[in-house]
Amino acid sequence: MIRLEAPLQAEAHADPPPFDATALAGLVGGSQAGVAVFDTGLRYVYVNAALEQVNGVPAAAHLGRTLAEVLPEVDGRTDLMSQVLADGRPREFTTSGRTWADSVVQRRYWRVACHRLEEDGRVLGLVAVAQEITATSTQHEELERARSYLTLLDTAAVSIGTTLDVEATCQELAEFVVPVMADVAVVETIPVEDGHPRREPPPGVLRLRRAGVAAVPELVGLVDRFGGAGEDVEYQEGTAVPRCLAADQPVIEDLAGDEQLIRSLLTPERFAAYRAIGLHSAVVVPLTARGRPLGALSLLRAGDSPPFTEGLDVVVARTLAGRAAVDVDHAYRYTHEHHVARELQRSLLSEPRGPGHGIEIASLYLPAGAGAVVGGDWYDAIPLQGGRHLKVMGDVMGHGVEAAVAMSNYRSMLRIMADDDQPPHRILERLDKAVEQSGLDRAATCLVVVVDRRRGICQVASAGHPPPVFIDPGEPRARVARVPVGPPLGTGMGGYRTAVMPCGPGTVLFMYTDGLVERRGEDIDVSIQRLSRLTMPVSGRLEDLLDEVVDRFADAAEDDIAVLVSRSRGH
């Protein structure tokens, strides 16, 4: 027997490890493969029992030490491990040498797979899975599974959470783990308050909503019998899913025996269906984010697939569920914020009241798409003395609740600045200073137009906003106004100027945000010139003009669209 002398002794580890060692032991402690977790300094923070035996060193004696300090006669390839930490790309390599364990050979060889561990974008360390190259056939299969799992983990970020939709994210998770990890995968979520009344479940019953289902092709038809995505599912207290959620821990179930399967199911029909599919092993892992349970991922195996074990199966399943839970949580938060922002913007963008007798006005607001975050577009109409009125169109940069709140502040301040005797550029200068002093951290473009019906003119000033368009009665083309453009509001730079444009009775003043015309890869001036082809519809109604705008521009829009049109009918 060959043996190294003077094995290491355990020492107190001063710095607490960034991982829960007890949880790790419960997850991978029984794995036949040697599993080690290193911190970012490549110091051991955990080794499982299998690796402890391979190295011939107590687990505690590893902690806080590097591989070279623990195993000086093993080529640890720390250069490759450092590269995994640096770029996050998993690597596999062969290493060899002598450990402290008894061995009948001079040099032993291992195949090692390394994967970086992250949490919320922060690198925590890496996990290394080592397997003897001369292992048995079963151990070779374990290594191949470890390799496929590491590949799975590496591609999860680009395959799960591609949208901000809860159901889509859950379906992506279910499809992602089939067939590599399971023959059937089911994702179920805890129902959230959405304003709709829900029937309370019976006492002792947990009701979840099935949000994602996937199965290998030969089982798809059979699995459909259990219900698909969008259906409510009820679980009796004490079954695997409620136990998993109550403890926030994985639950493995051996379904090969009839007694265990009967306890896990509610009806004889479901028992018969499970037996028809051939399901024999299951693992349920919680979907938890920010300490809040969101649902559960259930993986099931059938036929010749090996049963789930406490080792890598659970580690990888929980890792994937944890990542997906973050995406689900983001989707829930997005949905809530989107609803709040939409309601706020809807209340602020009610149809502007007519600024006086003889003035027609119409408006529209279109989000870029059903899933788009609400923007900061706004418009307003304010009556002034002497038969004049002020029109404004603005666009706060950004999206979401903060943009909608900023839009409200801009609109309120502009109403205060709209003095009867001030030309548009003075209004913008005052508003620019007020925004700078208020601490608003969101810039905005703004177009201010003062319409003087009696003189038949418009005074126009722009703070980084697209120019207005005038549609004159009987003319074949619209006029795109040439307006001096100053910097956006909130910069404190000022420098705005007023231009005077003819705007007689019957002329339509057309104001808009850049979402109407801006197109990817096209010069904005070219985009704006398309508006010169606008004409009034035969009906002469402003509402029909807005309908035409929707037909011609909405489908290609990539940003929110706001339009305000108005027309005077004489003095």
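Guide: A nonpolar core is a set of buried Ala, Val, Leu, Ile, Met, Phe, Trp, Tyr and Cys residues joined through side-chain atoms within 4.5 Å. Buried means under 20% relative accessible area, with a 1.4 Å probe and protein chains only. This is a predicted model, where local features need pLDDT of at least 70, side-chain atom pairs count only at pLDDT 80 or more, and totals for chains, interfaces and linings use all residues. Residues are numbered from 1 along each chain as its sequence is written, and side-chain values use heavy atoms, leaving out hydrogens and water.

The largest nonpolar core has 65 residues. L173, V177, M181, L299 and L320 have the most contacts inside it. Helix α12 (residues 312–348) gives the largest share, 11 residues. Helices are DSSP runs of H or I, at least four residues; strands are runs of E, at least two.

Take M181. Beyond its neighbours within four places in sequence, M181 is in contact (heavy atoms within 4.5 Å) with Y149, L152, L299, R301, F308, D313, V316, A317 and L320. Another core lies apart, with 26 residues, including W378 and V450.

Now the sheet. Six strands make an open, antiparallel sheet, ordered β8-β7-β6-β11-β10-β9. Two strands pair if DSSP finds at least two bridges between them. At the edges, β8 (232–236) and β9 (251–254) each pair on one side only. Helix α7 (residues 166–177) packs on this sheet. Helix α7 touches β6 (184–189), β7 (205–215), β10 and β11 (292–302).

Methods: Axes fitted to C-alpha atoms, helices over the stretch in contact; angles between N-to-C directions. Buried < 20%, exposed > 50% of the residue type's maximum accessible area, 1.4 Å probe, protein only.
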